[in-house]
Amino acid sequence: MPDLFIHIIVPIAIFLFIATFTLFAVYAERKIAGFLQDRLGPMETGKFGLIQTVADILKLLQKEFITPSAADKVLFAIAPVVIFTAVFIGYSVVPWAPDFIPANTNTGLFFLMAVVSIDAIGILMAGWGSNNKYSLLGAIRAIAQMVSYEIPVGLCLISAVMITQTLNLNDIAYLQGIDSPHPIYFFGFWDVTQIGGVFAWHIFQAPHLLIVYVIFFLATLAECNRAPFDIPEAESELIGGFHTEYGGIKFAFLFLAEYAMMFLVAILGVVIFLGAWNTPLPNIGALRLADWTTGLGWGLFWTFTKSLLIVGIQIWIRWTLPRFRADQLMTLCWKILIPVGFLCLAISGFWRIFIML
Amino acid sequence: MILKTTIQGFLTAVKGLLITVRHLFAARNSRESLDIRDENYFEKQHGIATVQFPKQKMPIPEVARYQLDVEIDDCIVCDLCAKACPVDCIDIISIKSPQAIGNTSDGSVKRLYPEKFDIDMAKCMYCGLCTVVCPTECITMTNKYDRSTQKLTDLIYGFSEMSDTEINQRKQEWTQFQAEKEAAKKK
């Protein structure tokens, strides 16, 4: 019985987290966008516009369900569900703190990549089901982009997994801190198992993983369909892309999925490359900073801080860089990210064989 | 080639990101001066430029060229402004007078009564052509710009001060004058 209770409470908790995160992320996005462009952002609803997004969601919830008469009604109705569920299930294997993880599976990373890929099908369903030329164009662009960018993401993850030798995200996180079951070497030569901190993170365990992380960050940014990779939603060309015809709560779910995806890829990058819940503070002699800042509460704190920082960088990039042209997008993926990804994959293999053993 | 482009693209992206983050931190302050008449107005480029409009207003010069105003006593109802208007927002109807009505402040003789002198501010595009052609300079642009209303028709400003009885009286005077002239011709 308590088990059943936990099985119910965990998804609800994650959903509530996603909803709250989306509310505040949208507010933060609008505010940061304003400040970056010398504007103020929302100011009227509440103090400093703080409840602007709450007002927005209330408006969306009250709206009428409108299905275009020419739309494929079934596909149109279930597409938002598929898109959101795909991202939502991805959260089930992500660790938040030491052993604080909804499902501790040995194939966690593989499962996550497999499930999140369903997102692409949902977008195609939304675009096709809307029976609207802009929606379909947006969906086609989205599929082309997401399928292409899945490859560099996969290569990056394989490069990292070669170093970690496990697909369990909880174990991957353990390998980057003072509680590591294996010795950790900073850049392959300095034993930092007892020191921990920032030196034990994967990006510093093998120098090429830094480049891998940059590729991972760019590729996942494209997976989220966010600027500068937002050609599927290109407002100036395609109105709203695949979600042109959506309104009300269906649109709210598409929006929720977009922000959930942002946070998911941010936390995934943090777990695999940036030390997961492990503290960035190292032990310095008698100053046991790493020991003091490890634990359940601290773990949650570090995971959130790092992930929100990455989300902040995503927002910052969105409001700085202009949109890629479709061919430039493909060039970046196939001619730059994938070759570099393969190179890093090879380096990972050699690193594992000649340096880590 | 592709390596060079990639590195250059990456560097320019970083450069752009640094520019925007500088603006992000500069956004802690608002711009000190919003008055265009200041000597160093264009030197102060940092900080938030937004004005919280109804609560806070940008200072504007008295000679600013916003909404039109008509000094109807100086108007000779020549209709030039209505003809010059590119968007036809000025609507004038005149009544002729048998004798000179009087003089404007610059000495021009008035021979027409303005039955109707309406300016549709919703149509006006603030080009100022009407003020250029006006011979008596009675139509001018003012520094008023915020006159929001609930109804679109409230934006049609009537400048004629004639009442209905006055209009009827003047019309009658003119028809009578015409009739007298006709009668004089027949004799």
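**Exercise 1.** In which sense do E2(B) and E5(B) pair, and over how many bridges?

*Solution.* Start with the terms. Strands (E, at least two residues) and helices (H or I, at least four) are DSSP runs, numbered from the N terminus. Two strands pair if DSSP finds at least two bridges between them. E5(B) covers residues 112-120, and its pairing with E2(B) is antiparallel, over seven bridges. One partner to find: B:Ile95 bridges to B:Tyr113 in E5(B).

This is a predicted model: local features need pLDDT of at least 70, side-chain atom pairs count only at pLDDT 80 or more, and totals for chains, interfaces and linings use all residues. Residues are numbered from 1 along each chain as its sequence is written, while chains are lettered from A and ligands numbered from 1 in the order in which they are written.

**Exercise 2.** Which residue of E7(B) stands opposite B:Ile119?

*Solution.* Locate E7(B) at residues 156-158. E5(B) pairs with E7(B) in the antiparallel sense, over three bridges. The residue opposite B:Ile119 is B:Tyr157.

**Exercise 3.** Is B:Asp88 buried or exposed?

*Solution.* Find the loop between helix H2 (80-84) and strand E2 (90-96) of chain B; B:Asp88 lies there. Its phi is positive, about 50°, although B:Asp88 is not a glycine. Most residues other than glycine have a negative phi. Now apply the cut-offs: with C-beta atoms placed from the backbone, 20 or more others within 10 Å means buried, 12 or fewer exposed, and in between partly exposed. B:Asp88 has 10 other C-beta atoms within 10 Å, so B:Asp88 is exposed.
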